[in-house]
Amino acid sequence: MREVAILGTGITRFREIWDKSFKRLGIEAGLEAIQDSGIQGKNIDALFIGNMASGLFIRQEHIASLVAEEVGLTLNNTPAIRVEGGDAAGGLALAQGFSAVAAGIYDVVVVGGAEKMSDLPGASIVETIASSIDQEWECFFGATQPSLWAMMARRHMHDYGTKREQIAKIAVKNHNNGSLNPKAQFPFKVTLENVLSAPPVCEPLTTLEAAPISDGAAAVVLCSLEKAREYTSEPVVIKGVGLATDSLALHDRMSLTTCKVTSVAAERALNMAGVNIKDIDVAEVHDSFTISELMAMEDLGFVEKGKGGEAVDDGITKLGGDIPINTSGGLKARGNPLGATGIAQAVEIYHQLKGKADSRQVADARFGLTHNMGGSGGTAVIHVMEAV
Amino acid sequence: MTIPRFWREIPIRYNLMGSKCPLCGTVFFPPKEICKICRRVSIDQMIHEKLSGRGTILTHTTVHEAPTDFESQVPYYLAIIELDEGPSVLGQIADCTNGDLAIGKRVHSVFRRVSEDGVSGTIHYGYKFVLDHSR
């Protein structure tokens, strides 16, 4: 198996973008990544695109061909493949691109993630996001993605004495980080009072604890480490990849306070990388809700199960803390165009490991981790990266 | 408005019919054709078992932002219930107010209208739960 490097990245600003199509967003991110990497179109062997629900959001399937055409890749009939796995689509696409390069099937691939969510009315967006949970045994009864996370939050508070304020503080922290990120959807701060007094989505969670509706795209260029050295003296290498799947429906899983997909995928990725979780200097985790980040802190192994709330109080995940999490602002403040999220996480870690994260920079970051998840925990994808 | 979907014709949704693995005794709802613990050896062995509909609230929430078919019901109460026979299910808790719900409270199933596709669309029936000691 060959070592695989990230050669360049591109990302659009995330927000509700009324004047740009899905196609246009994908191209913007893709072309930026290609220019950043220094490769040329003729060097691209394949395109992988993470996207969750273009059929429901914009009534367009077969988007890989659509995007390939626009960036001129149909000239050589370059393979283009869409990857779907709920909101883990971006991370899964990255894992597929990684596998293809590692296996030696392709030398250079572009992996993009994109979603155009704002073309539907609000309740239809809620329904479409809920297409990544179980239609027959959850949605039928009125369940939505936030309702499932709210029930996990309630049980976590019950079992471990986690306080409402501790969960809400995660939104404050992620908005602080987002205020330092010019590409963030919400580049401004919020107070704990703002978060707690915002209208409820599903009790106990409020609207300021949920990732927003976003349009946007992100892309990375992957190639073998050997080839990367022709372009850069300081490549970022993907050292480990871990994937895991569990029951689609939350009530079918063993625990309501642990996402086993996260702990298992993390173990797989860290083993492959030969890295201990304590070695990770910076992480982007899937904070679709505040509680999702709190549970991920525990499930990834940064803190013991049940100690997430205390760790938030201690500020270990803030910039300058022991393990800064979601320096980009996370899904909460950077934005969450579902299929683009897994790639956006990789873009942030790439910048951190290259020392290019400006005022969000984590000093001497060597190892970074991305954690992308689908639905309420049916799928998780972890990547461990190293600056070499 | 949509056409009726396949599960309207599936009796287990209305009868809480589960399945039991005779090898390890695990009960599943909805019923499974094979036991996910015993797998191959359980093929053709699974026994249908009607569930009592009695159980305990493991967790709950009050929904304020709903999908289209449920917008008229807001706020409504959802819970994950551990049934006495073992499996957990998600369902609405009916005939209650926010303050009535708590982890650990006992509930039983009732047959109710769950939602409808718009004003003149298909009506969806199924189970909900009510607190054992309400009214």
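This is a predicted model: local features need pLDDT of at least 70, side-chain atom pairs count only at pLDDT 80 or more; totals for chains, interfaces and linings use all residues.
On the side of domain 1 of chain B that touches domain 2 of chain B, the residues are five nonpolar, no polar and two charged. Two elements, α1 (12-15) and β2 (27-28) of chain B, are the ones that give two or more residues to this side of domain 1.

Where do the two domains run? The domain assignment places domain 1 of chain B at 13-49 and domain 2 of chain B at 52-131. Their C-alpha centres lie 24 Å apart. Seven residues of domain 1 of chain B meet 10 residues of domain 2 of chain B in this contact. About 690 Å² is buried between the two domains, and carbon and sulfur atoms give 75% of that area. Which residues of domain 1 of chain B lose the most area to domain 2 of chain B? They are Y14(B), L16(B) and F29(B), which together make up 66% of what the domain 1 side buries.

**Between the chains**

Let us move on to the contact of chain A with chain B, which takes 30 residues from chain A and 36 residues from chain B. The area buried here is about 2900 Å², with 63% given by carbon and sulfur atoms. In chain A, the residues that lose the most area to chain B are W137(A), F140(A) and F141(A), together 27% of what the chain A side buries. Across this interface there are zero salt bridges, but 13 residue pairs are in polar contact (both at pLDDT 80 or more).

Which elements of chain A each supply at least two residues of the side that touches chain B? They are α5 (122-129), α6 (145-160) and β5 (200-202) of chain A. The largest share comes from α6(A), with seven residues. By type, the chain A side that touches chain B holds 15 nonpolar, eight polar and seven charged residues.

**A sheet in chain B**

Chain B has an open sheet of three strands in the order β2-β1-β3, with antiparallel pairing. The edge strands are β2 and β3 (47-50) of chain B, each pairing on one side only. Strand β1 (residues 17-20) of chain B pairs with β3(B) over four bridges in the antiparallel sense. Here M17(B) stands opposite K50(B) in β3(B). As noted above, β2 of chain B also gives two or more residues to the side of domain 1 that touches domain 2.

**Backbone details**

| Residues joined | Omega | Loop holding the proline |
|---|---|---|
| F29(B) and P30(B) | about -5° | P30(B): between β2 and β3 of chain B |
| V74(B) and P75(B) | about -10° | P75(B): between β4 (54-63) and β5 (76-83) of chain B |

F29(B), joined to P30(B) by a cis peptide bond, is one of the domain 1 residues that lose the most area to domain 2 of chain B.

What is phi of H62(A)? The angle is near 60°, a positive value in a residue other than glycine. H62(A) lies in the loop between α2 (54-58) and α3 (63-70) of chain A.

How values were computed: Residues are numbered from 1 along each chain as its sequence is written. Chains are lettered from A and ligands numbered from 1 in the order in which they are written. Side-chain values use heavy atoms; hydrogens and water are left out. Domain bounds come from an automatic or database domain assignment. Contact means heavy atoms within 4.5 Å. Buried area is the accessible area (1.4 Å probe) that two parts lose on being put together, summed over both. Ala, Val, Leu, Ile, Met, Phe, Trp, Tyr, Cys and Pro count as nonpolar, Asp, Glu, Lys and Arg as charged, and the others, Gly among them, as polar. A salt bridge is a side-chain nitrogen of Lys or Arg within 4 Å of a carboxyl oxygen of Asp or Glu. A polar contact is a pair of N or O atoms within 3.5 Å; within protein, one must be able to donate a hydrogen and the other to accept it, and residues adjacent in sequence count only if both atoms are side-chain atoms. Two strands pair if DSSP finds at least two bridges between them.
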